[in-house]
Amino acid sequence: MNESEMKYAVSQVGNAFYILESDKFIQNYNELKTEFAKIYPNFNIAYSYKTNYTPKLCKIVNKLGGFAEVVSDMEMEIALRIGVEPKKIIWNGPYKNAKKVEQLLIMGGTVNIDSAYEIDLIADIAERYPNHRLNVGIRCNFDVNDGVISRFGFDIENDDFKKALALFETHKNLYLIGLQCHFATRSIDTWKPRAEGMLNLIDKIGIVPEHIDLGGGLFGKMADSLKVQFNTEIPTYKQYAQTVAPVFAEHFKNCDKKPMLLIEPGSALAGDCMKFAAKAVNIKEVRGKAIATLL
């Protein structure tokens with residue numbers, strides 16, 4: 001932003017504001033997608049709305065063909081208002097508004113069930129709409145050897161996971177469109193185990209859904225001054241792709257129909273695309289340290 005643009009922004013919104021670099025976001029999105037897709041072509045991005053649901057960013061994702069990954073009815077409404085087709089909305093999260101879940105399912109969106117109480121919720125909706133195909137996914141939880149017990153989804157060794165699977169036998173209008181997992185750690189060491197874990201699961205249950213979603217938890221681009229604050233290597237998009245995509249390419253190499261591989265980046269795409277601008281009314285130096293007073 002040059003000086004004249006800065007002055008104009010101040011005249012319109014005041015002395016403090018965020019600057020969104022849309023071009024950088026688009027570059028990040030395309031680079032990440034390209035790195036995965038050149039190894040496993042049936043790949044797409046489900047952008048994590050909770051990270052930054054500035055409508056401009058969400059519209060960019062929609063224009064580029066990505067999915068909207070939402071965790072609240074507010075985020076779902078944002079996606080619908082900016083023109084995202086319901087079939088490209090995926091609702092995750094541990095708690096969901098029952099009426100909004102019903103609305104999204106009837107419109108053709110996907111709801112990933114996360115815990116036992118949702119089994120009864122989905123069963124009730126299925127019974128009341130017997131002539132509607134309802135797209136439902138299951139969030140899966142298993143050990144990826146990161147020393148952390150994840151809170152997301154069903155333990156795949158637990159009876160509740162079996163009950164969730166049984167929904168699709170009991171209610172023929174329910175369609176198991178996807179399986180999803182999410183682990184909070186951003187370490188690249190967890191990405192191959194989560195890919196292998198999901199593929200082992202579909203082999204075990206004998207179901208290949210339309211899409212397999214490995215969730216979020218990726219590092220994004222950052223300055224070297226920020227990288228040194230972490231006690232781990234900061235992987236590139238290419239390194240994440242080379243860790244995960246070959247696992248899928250090998251597993252499905254002899255299959256005519258390959259499931260879509262989804263990931264849910266948020267800060268990995270948007271983290272370096274926002275800057276905060278504020279007017280400095282004073283800068284003083286105290287024992288060699290500069291201290292600014294912002295308006």
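1. The largest nonpolar core holds 78 residues, and Phe36, Tyr49, Ile138, Leu214 and Phe248 touch the most other members. (A nonpolar core is a set of buried Ala, Val, Leu, Ile, Met, Phe, Trp, Tyr and Cys residues joined through side-chain atoms within 4.5 Å; buried means under 20% relative accessible area, with a 1.4 Å probe and protein chains only.) Helix H10, residues 237-251, gives the most to this core: seven residues. Helices are DSSP runs of H or I, at least four residues, and strands are runs of E, at least two, numbered from the N terminus.

2. This is a predicted model: local features need pLDDT of at least 70, side-chain atom pairs count only at pLDDT 80 or more, and totals for chains, interfaces and linings use all residues. Residues are numbered from 1 along each chain as its sequence is written, and side-chain values use heavy atoms, without hydrogens and water.

3. Take Ile138. Leaving aside neighbours within four places in sequence, its contacts (heavy atoms within 4.5 Å) include Phe154, Phe161, Leu165, Phe168 and Leu179. Another core lies apart from the largest one; it has five residues, among them Ala46, Phe67, Met260 and Leu262.

4. Now Phe152. This residue sits in the loop between strand S6 (134-141) and strand S7 (154-155). Phe152 is buried, at 15% relative accessible area. Not counting residues up to four places away in sequence, Phe152 touches Asp114, Arg139, Cys140, Asn141, His182 and Ala184. Ser115 is 37 residues from Phe152 in sequence, yet 8.6 Å away in space, C-alpha to C-alpha.

Note on methods
Buried < 20%, exposed > 50% of the residue type's maximum accessible area, 1.4 Å probe, protein only.
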